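Notebook open, new structure on screen. I'll start with a sheet and then step back to the whole chain.

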Amino acid sequence: MAEILASDLTNGIVCDIGLPVEECGVRYNCRAYCLDGQILLVRPKLYLANDGNYRELRWFSSWKRLRELETYQLPECIREVTGQETVPFGDGYLSFEDTGVASETCEELFTPSAPHIGLSLGGVEIIANGSGSHHQLRKLNTRIELMQSATSKCGGVYMYANQQGCDGGRLYYDGCACIMVNGDVVAQGSQFSMKDVEVVTACVDLDAVSSFRGTISSLREQASQEPRTPSIAVKFKLSRPMNMANHFPSLPIKVRYHDPYEEIALGPACWLWDYLRRSGATGYLLPLSGGADSSSVAAIVGCMCQLVVKAVREGDKQVIADAIRMGNYRNDEVPESADEFAQRLLHTVYMGTENSSHATRDRAKRLAGEIGASHLNVNIDVVVKALLTLFESVFPGRKLRYKVHGGTQTENLALQNIQARIRMVIAFMLASLMPWVRSKPGFLLVLGSANVDEGLRGYLTKYDCSSADINPIGGISKGDIRAFLRWGALNLGYGTLAEVEGAPPTAELEPITVKYTQTDEIDMGMTYEELGMYGRLRKIFRCGPVSMFENLCIRWHGRLTPAEVAQKVKDFFKYYSINRHKMTTLTPSYHAENYSPEDNRYDLRQFLYNTRWPWQFRRIDQLVDKYETSMPEPLTEFRQHMQPTAAEAAAPNSTGLGVPAASSGNPQASGNLQK
C-alpha cells in the first residue's frame, strides 16, 4: 500500500483497494479508498464468508459496530509516505462534491439484509464491490441477478470487480467484472480468460440515478426514515459535464452467459493453465482409458492449448513467456497451433490388460491424435502377473479367480484393485521419467479423472488412477460430462468424443465373455442419474436417509412403490457411508458442483459411520408400512395415470432431480465396496 501511495497511480483517480488491517489487536478484511496519494477511508468487511469453500473467520473478524466510524492510527510506513497520522475507520461512505461512493464486499452482496439497501436509501449513488467469487456451473446468473435486483429496486451504479484465475487450490475465480446502472448491465468483462488483468469501463449518467429514485414513492418514503450512515466529505468531483463529442453514457448490453458445457471446457482449462505455470511443471500426464471421464479430461487440456495459442496470437506477453518456458521453445519460437503445443505439454498413456477391449484402445489412440498429445500404448499384464505370482508364492495353493470364472467376490475385487493400483504407480513413474527420456527439462503432473458422482458413491479404488496430482472433473457430474462430450465433439474439433459418449461406461477390470460385460451402473447398483439426484438431496437439500426417502417418495410418486424407493435410499447410504473414508485421500479437484463430497475443505463431515444406519433404516421401514397401507388405489393404476407428460418426458435432466431409469441394475449382485 505504501508503494502504491508513493507512486502516481492514485493521482486524479479514486482507487478502492483491498487489504488486511489490524485495528486494536483485531484483524479485519478491509477496503481502503485512496486519492492523490492519500487514504480517505478504511472500510472493514461487515459480514464474512464462513461456509462452503470459505473459512474467512480463520483470518479475520467482522466489523460489529454498524454505522460507526472511529479514528485509526496509521502505521509508520504509511505516515512517512502520506504525511497523514490518522484516517477514518469503520462503516461509512465517501461524500464527494457531486455523488456518494460506498463499499459492499463480496459475501455482503449475498446476505439477506445487504449493505447496499441501507446505503442506497441513504443517498449513496455508487457502490463498489471488490469480490472473490469462485466459479460454479450455472452460478453466474445468480450473481448477475443479485446485482441487477439491487440496482433495479434502489437505483444506483454498481461496480463489481472479481478475481480471475486459480487461487492456488481447488477454486477458479471466474472474473466477469461488470457495471450496472438502475438494473441494466452497461459493461461486462470476460468470465474465462488467460489474462492476469482485465479492465472494464463505462460512462454513467448520475442524473439518471436521481431521476430513477425520485419517481418511486415507496423508495422515497423508506429513504426518509432510514438511519443515516456516517460520511466523510471529500473535496473532489467524480463527474464532468456531459460532452456528446467524446463522453456519453454507456448503453445497456445483453448479459453474456456460457452454456454449462462451455463452462466445463473453459473453467477447468484456465484452472489447469494457472496451476501448470505456477507449479513449475512442464506438462501433464494423463492415463487415457478411452472412457468418458479420461477423454473429457484430455479434451479439457486440448481446450487449454487452444486458449493459450489464441492468447499468443493476441500478443499476451505473460502467456507467451509461460508458453515458451513450459513448451521448451528455442530461438524466438512460440506455439503456432494447439495440436503442436499439446504435443509438448500433454502426454497420454493407455495402460491395457487382457481385460481391455480393442474399442477403448482405439478410441484413446484416435482422441490423443486429434488433440495432438504424445501417446503411449502400454500393456501392464506382465506387472499384474508378477504380483499374482508373488501372492501365490506367499500362499501356496491359493490362486485368485474372477467372478465369471467361479471366484468369490473377495477374489474378484482383489484382482480388479491390483490392476487399478498398478496403473497409479506406472502413471507417476512415467510422469517423473518421460521428460528425461525425451531429453527435456522439468517434470509432469499426473491428471486424475474420477467424476463427482463416483466420488459420492465411492466407486473407485483407493490409490488407483483416481489418485493423481489434480483432477479437473472431480467436481462435475457424469450427466454433465456426457453432455460436454457431445458439445466438445462439435465445438472443439475432437470428433472421437461423440463415439466415447455413445459407449456404455465400463472399468474393463473383469474379463469380457459372451454372457458378461462389466458396466459401471450394474456394478454400482444405481444409475448415474440417480447418483446425481442423491448427491443434490444429500448436500443441497440437507437430507439424511429418512428425509431423502420422504422426498423421493414425492418425486417418484406413481412410478416406484415406497418399498422400492426405500431400497434405493438404503443402498445409496450403505455404500456412501462404507466408502466415505475415500474422500480423505481424494485428489484435489476443480470445484464445479455444490453437491461435491470433497472432504478437505467443502463437505466437512465424519468419515466413519455406522453403515447399518439402524435408527434411520428402521424409521424408513415404519414409513413404508404407513404409506403402503394408506394407498388410495393400486400401484398399477398409479403408474397408468401418473406417467410424465410429453413436456416432462422431453425435458433434459438439467437439475438431476428427474425420474430414475426403469432398471438400475441389481444392487444385491454388486457388493463392490472397494472399486
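I looked up the sheet first: 4 strands make an open sheet, ordered β17-β16-β15-β18, with parallel pairing. At its edges I found β17 (374-379) and β18 (444-446), each pairing on one side only. From one strand to the next, the twist averages 25°. My note on terms: strands (E, at least two residues) and helices (H or I, at least four) are DSSP runs numbered from the N terminus, and two strands pair if DSSP finds at least two bridges between them.

This is a predicted model, where local features need pLDDT of at least 70, side-chain atom pairs count only at pLDDT 80 or more, and totals for chains, interfaces and linings use all residues. Residues are numbered from 1 along each chain as its sequence is written, and side-chain values use heavy atoms, leaving out hydrogens and water.

Next I checked one pairing. Strand β16 (residues 346-352) is joined to β17 by 6 bridges, and the two run parallel. Met351 stands opposite Val378 in β17.

Then the helices. Helix α10 (residues 338-345) lies across β15, β16 and β17, at about 65° to β16. Helix α7 (residues 260-279) lies across β15 (283-287) and β18, at about 120° to β15. Those angles run from 0 to 180 degrees between N-to-C directions, with axes fitted to C-alpha atoms, for helices over the stretch in contact (heavy atoms within 4.5 Å).

Last, the whole chain. I count 24 helices and 18 strands in the protein chain. The C-alpha atoms fill a box of roughly 90 × 80 × 50 Å along the principal axes. Buried residues (under 20% relative accessible area, 1.4 Å probe, protein chains only) make up 53% of the 675.

Definitions and conventions: Buried means under 20% relative accessible area, exposed over 50%, partly exposed in between (1.4 Å probe, protein chains only).
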